[in-house]
Amino acid sequence: ERDHWNDYQRVYQAAIEATHTEQSPWYVVPADHKGTMRAIVAGIICHEIGRLDIHYPPPAHDHEALVQEAIRRLESEG
């Protein structure tokens, strides 16, 4: 098997390159040190979540009136 190491590495690299896309990226992370590996993965997750450009949906038109009524009721309790 050691004689085929370079072939394995070429095939591995080709598989990663063939399946890596902008929407489904591959990240090859060293796992020799678990703490370092987890920090790298956490950073990747934070980066990818940031790319999603997630926003809260705008409130419904009648929502503002409901919020104001709730505020008024809470303020009247205290």
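Is Arg51 buried, partly exposed or exposed, and what is its relative accessible area? Arg51 is partly exposed, at 38%; the cut-offs are under 20% for buried, over 50% for exposed and partly exposed in between, with a 1.4 Å probe and protein chains only.

A quick note before the close-ups: this is a predicted model, in which local features need pLDDT of at least 70, side-chain atom pairs count only at pLDDT 80 or more, and totals for chains, interfaces and linings use all residues. Residues are numbered from 1 along each chain as its sequence is written, and side-chain values use heavy atoms, with hydrogens and water left out.

**View A. Confidence along the chain.** Mean pLDDT (the predictor's confidence in each residue, from 0 to 100) comes to 91 for the chain, and 100% of the residues reach 70 or more. Helix α2 has the highest confidence, at 95, while α3 has the lowest, at a mean of 91. Helices here are DSSP runs (H or I, at least four residues), numbered from the N terminus; strands would be E runs of at least two.

**View B. Glu22, Glu48 and Arg51 are linked in a network of salt bridges.** A salt bridge here is a side-chain nitrogen of Lys or Arg within 4 Å of a carboxyl oxygen of Asp or Glu. Side chains of opposite charge can pair when their charged atoms come close. Glu22 counts as exposed, at 61% relative accessibility. Arg51 also meets the side chain of Glu48 in a salt bridge, at 2.9 Å from N to O. Those two are separated by about one helical turn because they sit 3 residues apart in helix α2.

**View C. Glu48 and its neighbours Pro25 and Tyr27.** Glu48 lies in helix α2. Leaving out residues up to four places away in sequence, Glu48 touches Pro25 and Tyr27, where contact means heavy atoms within 4.5 Å. With Tyr27 there is also a side-chain to side-chain polar contact, at 2.3 Å. For a polar contact, take a pair of N or O atoms within 3.5 Å; within protein, one must be able to donate a hydrogen and the other to accept it, and residues adjacent in sequence count only if both atoms are side-chain atoms.

**View D. A salt bridge between Glu69 and Arg72.** The structure holds 4 salt bridges, and in this one the closest N and O atoms are 2.5 Å apart. Glu69 and Arg72 are 3 residues apart in helix α3 (residues 63–77), so about one helical turn separates them. Both partners are partly exposed: Glu69 has a relative accessible area of 34%, and Arg72 is at 46%.

**View E. Trp26 in the loop between α1 and α2.** Setting aside residues up to four places away in sequence, Trp26 touches Ile16, Thr19 and His20. A polar contact of 2.6 Å joins its side chain to that of Thr19. Trp26 and Ile16 are 10 residues apart along the chain, with 6.9 Å between their C-alpha atoms. Trp26 counts as partly exposed, at 46% relative accessibility.

**View F. Thr21 and Val28, both from the loop between α1 and α2.** The side chain of Thr21 reaches the backbone nitrogen of Ser24 at 2.9 Å. Val28 is exposed, with a relative accessible area of 55%. Between Val28 and Ile16 there are 8.9 Å, C-alpha to C-alpha, for a sequence separation of 12 residues.

**View G. A nonpolar surface patch with Ile45 among its members.** Val41, Ile45, Ile49, Leu52 and Ile54 make up this patch, and together they have about 470 Å² of accessible area. Accessible areas come from the Shrake-Rupley method with a 1.4 Å probe, and for residues only the protein chains shown count as cover. Patch members need over 30% relative accessible area and no salt bridge; like charges are joined within 9 Å, nonpolar side chains (Val, Leu, Ile, Met, Phe, Trp, Tyr) within 5 Å. Ile45 is in helix α2 (residues 34–51) and is partly exposed, at 45%.

**View H. Asp53 in the loop between α2 and α3.** Check the backbone here: phi of Asp53 is near 55°, a positive value in a residue other than glycine. Asp53 is exposed, with a relative accessible area of 55%.
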